[in-house]
Amino acid sequence: MKKYARARIEIIRRDSVNWSANIQGLIGGGFIGLSAVFLMATLGRVAGISGILAGLFLDRPNRDELGWRLMFLLGLVSGPLLLMLVGGVSNVADSPQAVIGAPSGGVLLMLVAGLLVGIGTGVGSGCTSGHGVCGLARLSQRSLVATLVFLLAAMVVVFLTRHVIGGAP
């Protein structure tokens, strides 16, 4: 029990906060919200990434559906690519000021994690962007429950990997 109390004291004692990372997150979150509002206002579509991907690769979209789905996905990947081109870093996590940091697991672990996330979006009928951003904004009870389950599962995984298994700090 002393280990957890010591960790809390260390967090409280930290003198500085990386406001740059917080402001970047705030701006990025604002852009995510604006893109969700724009997609809903212009096309009447929910900006759920898993649904957009599934509609692109699993369903056979018509020409109109294909265009906006491709443009949306292009917008998702163009941000980090633009950052790498303009910022001169080979990987967003390579930067000394990186908010994300380098992955703590190998490629195999990342592939397994991605597969589990994909299965979860199928079971949950959507992903965090669809439920957490768009569903909560529409006051959907189903999205509220799904988002709470996502957050609870994430907290359990972090606790298990940090304190039970002894993974990355």
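Read along the sequence, this protein follows the pattern α-α-α-α-α-α-α. That comes to 7 helices and 0 strands. Helices here are DSSP runs of H or I with at least four residues, strands are runs of E with at least two, and both are numbered from the N terminus.

Residues are numbered from 1 along each chain as its sequence is written, and side-chain values use heavy atoms, with hydrogens and water left out.

Confidence next. pLDDT is the predictor's confidence in each residue, from 0 to 100. The protein has a mean of 76, and 75% of its residues reach 70 or more. Where is confidence lowest, and where is it highest? It is lowest in helix H1, residues 2-13, at a mean of 52, and highest in helix H7, residues 141-164, at 86. Where pLDDT is low, the predicted coordinates should not be read in detail.

Now the inside. Buried means under 20% relative accessible area, exposed means over 50%, and partly exposed is in between, with a 1.4 Å probe and protein chains only. Of the 169 residues, 16% count as buried.

A nonpolar core is a set of buried Ala, Val, Leu, Ile, Met, Phe, Trp, Tyr and Cys residues joined through side-chain atoms within 4.5 Å. The largest one has 9 residues, including Ala 36, Ile 52, Trp 68 and Cys 134. Two or more residues of this core come from each of helix H2 (19-43), helix H3 (49-57) and helix H4 (63-87). H4 gives the most, with 3 residues.

Two residues are worth a look here. For contact, read heavy atoms within 4.5 Å. Leaving aside neighbours within four places in sequence, Leu 73 is in contact with Ile 52, Leu 53 and Leu 56. Arg 69 sits in helix H4. Is Arg 69 buried or exposed? At 9% relative accessibility, Arg 69 counts as buried. With the neighbours within four places again left out, its contacts are Arg 45, Gly 51, Ile 52, Gly 55 and Leu 56.

On to helix H6, residues 128-137, where Ser 129, Gly 130, His 131, Cys 134 and Gly 135 are buried. Thr 128 belongs to this helix too. Its C-alpha atom is separated by 7.6 Å from that of Gly 48, 80 residues apart along the chain. Beyond neighbours within four places in sequence, Thr 128 is in contact with Val 133 and Phe 150.

Between H6 and H7 there is a loop, and Leu 139 is in it. Leu 139 has a positive phi of about 60° although it is not a glycine. At 75% relative accessibility, Leu 139 is exposed.

Last, the surface. The protein exposes about 13000 Å², and carbon and sulfur atoms supply 70% of that; accessible areas come from the Shrake-Rupley method with a 1.4 Å probe, and for residues only the protein chains shown count as cover.

A nonpolar patch on the surface has about 1000 Å² of accessible area together, and Leu 136, Met 155 and Phe 159 are among its residues. H7 gives the most to the patch, with 9 residues. Leu 152 lies in H7, and with a relative accessible area of 53% Leu 152 is exposed.

Terms used:
Patches are made of residues with over 30% relative accessible area and no salt bridge: like charges are joined within 9 Å, nonpolar side chains (Val, Leu, Ile, Met, Phe, Trp, Tyr) within 5 Å. A salt bridge is a side-chain nitrogen of Lys or Arg within 4 Å of a carboxyl oxygen of Asp or Glu.
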